[in-house]
Amino acid sequence: MYLGPILLTFVVGATLIALYFIPHHQAQEINSELLLWATIVYAFALILGSVSLWSVHAQRIRQRISGWPFSLVTLFALLGTTFMGVAWGIGEESPLGRFYSMVNSPLASTMFALLAFFIASAAFRAFRARNVEATLLLVTAIVMMIGRVSVGEFIWRGFPGLTEWLLDVPNLAAKRAIAIGVGLGAVSTALKIILGIERGYLGRTR
Amino acid sequence: MPSELDTRLFDPGRINLLIGILLFLAFLIINMLRARAGHSFFIRPLAGLQALDEAIGRATEMGRPILYMPGLGDMSEVGTLASITIMTRVARKVAELGCDLEVPCYDPMVMAIMDGVARQAYREVGREHDYKVGSIYYVSAQQFAYVAAVTGMMLRDRPAANIYMGSFYAESLFLAETGNLTGAIQIAGCDKVTQLPFFVCACDYTLLGEELFAAGAYIGREPVQLATIAAQDWAKALAIAVMLIVLLLTAFGHPELRRILQVS
């Protein structure tokens, strides 16, 4: 039952790995073509996504589930933007383009701006000196904050150098250790999928 | 320009990477053979994965849903593939206990695959009819629209457990902080180094980097899967040895050997 998809995954995965090592222009054209196929498949998946979005929110409105007015706004936006795109195109000066830059972008920026408050509340929780590790984190954070502002140098000349050392030595060492682990884990997962050892994406749990 | 077309059949600048992949493949095969021969592998306990069952059990007792977020990565991200593997195990447990599962997706292709995976998990435990169509759904491919929708859902529905597994970006802290505010038990696993501190601050358990990729094997406990983690450890030991050798040789006046670690 699973032989077909596993074989297909192996062929495509092995081909893409081989193409990474072959700089020949024809091989790279095949690579570009394969990536184009992925875009086409994504476009079809977007139809599935739209159907899912419609059915989930329509159900919420029908059953008056908590927060259903938001679902109404979502469906209105889905229909409205689709109509604008089909009727007047998707250029920068089109109604959809204007809607995007005047409504969507400011909304996204507003959400992003809230990040400062979330960082403050997370930092407040993380910096409580409950144990040795948390105290170490608190002290490091204080040194970092003082060292990164101009007044830090007036308090003690060594602060900027100390912050640089913290960033470039212990911080970078930890980041690189995690990054190497992630890299090896990613290669391992990719190989497991290509070789058919990992079949979770086919729905198999055993 | 035709004269500029590359006609080489192999890029010599990537020979080190090819050797690395072949060595890794060899480690994988050796350890799989060891597993088939009956060798048992030890994996240190991962608190975050041990807590998964506890979180699902808690949600069942409270009668509240479990929110599973597969991240913002698409199917080309290995973190998303690892997330799908974990989802197969979570969906199976959820199906066994009969609690509600909500999976808001950022990528429509990930949504389609997650839906298939969950249906199959329900089928495997013989509760196919309990699967709720629409519990795995598409939200938006806009990062902050996704954040607004999911955090809104967290505040309205108050899920008992929030599970974040996959590739997350700037939205990680928004989601994890809001989840923390609702009092849900939170388990995260992320392959993005820059987002890990946010999850560590706001979640009860966090899988750091490679632990996300080991999760599937850890939960499944199948010998062949565990063998892949052993292969990964061998590769890591080799990477450490190579780095130490190059470091020492550079210190002793042979900096040109650093090139063996560079990829074109």
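**Briefing: chains A and B**

In chain A, residues 24 or more positions apart make up 24% of the contacts with a separation of 6 or more. A contact means heavy atoms within 4.5 Å. In chain B, 72% of the contacts between residues at least 6 apart in sequence join residues at least 24 apart.

This is a predicted model: local features need pLDDT of at least 70, side-chain atom pairs count only at pLDDT 80 or more, and totals for chains, interfaces and linings use all residues. Residues are numbered from 1 along each chain as its sequence is written, chains are lettered from A and ligands numbered from 1 in the order in which they are written, and side-chain values use heavy atoms, with hydrogens and water left out.

**Helices and strands**

- Chain A has 8 helices and 0 strands. Helices (H or I, at least four residues) and strands (E, at least two) are DSSP runs, numbered from the N terminus.
- Along the sequence, the pattern of chain A reads α-α-α-α-α-α-α-α.
- Chain A is more spread out than a compact globule, because its radius of gyration is 26 Å, well over the 17 Å that the globule rule gives for 206 residues. The radius is taken over C-alpha atoms, and the rule is 2.2 Å times the number of residues to the power 0.38.
- Chain B has 9 helices and 6 strands.

**Dimensions and domains**

- The C-alpha atoms of chain A fill a box of roughly 65 × 50 × 40 Å along the principal axes.
- For chain B, the C-alpha trace spans about 65 × 55 × 40 Å along its principal axes.
- Chain A is divided into domain 1 (1-65), domain 2 (66-113) and domain 3 (122-194). Such bounds come from an automatic or database domain assignment.
- In chain A, the C-alpha centres of domain 2 and domain 3 lie 39 Å apart.
- Chain B is assigned domain 1 (10-39 + 226-261) and domain 2 (47-219). Their C-alpha centres lie 33 Å apart.

**Burial and surface**

- In chain A, 29% of the 206 residues count as buried. Buried means under 20% relative accessible area, exposed over 50%, and partly exposed in between (1.4 Å probe, protein chains only).
- In chain B, 51% of the 264 residues count as buried.
- Chain A exposes about 13,400 Å², with 73% supplied by carbon and sulfur atoms. Areas come from the Shrake-Rupley method with a 1.4 Å probe; for residues, only the protein chains shown count as cover.
- Chain B has an accessible surface of about 11,400 Å², and 61% of it belongs to carbon and sulfur atoms.
- Helix α6 (residues 171-181) of chain B is mostly covered, with 9 of its 11 residues buried. Among them are Phe174(B), Leu175(B) and Glu177(B).

**Charges**

- Chain A carries 15 positive and 9 negative side chains, and the centres of the two sets lie 17 Å apart. Lys and Arg count as positive and Asp and Glu as negative; His and the chain ends are not counted. The place of a charge is NZ of Lys, CZ of Arg, CG of Asp or CD of Glu.
- In chain B, the mean positions of the 21 positive and 26 negative charges are 4 Å apart.

**Backbone details**

- Most residues other than glycine have a negative phi.
- Arg64(A) has a positive phi, near 50°. Arg64(A) sits in the loop between α2 (25-62) and α3 (68-88) of chain A. Its relative accessibility is 51%, so Arg64(A) counts as exposed.
- Arg158(B) also has a positive phi, about 50°. Arg158(B) lies in the loop between α5 (143-157) and β4 (161-167) of chain B. At 36% relative accessibility, Arg158(B) counts as partly exposed.
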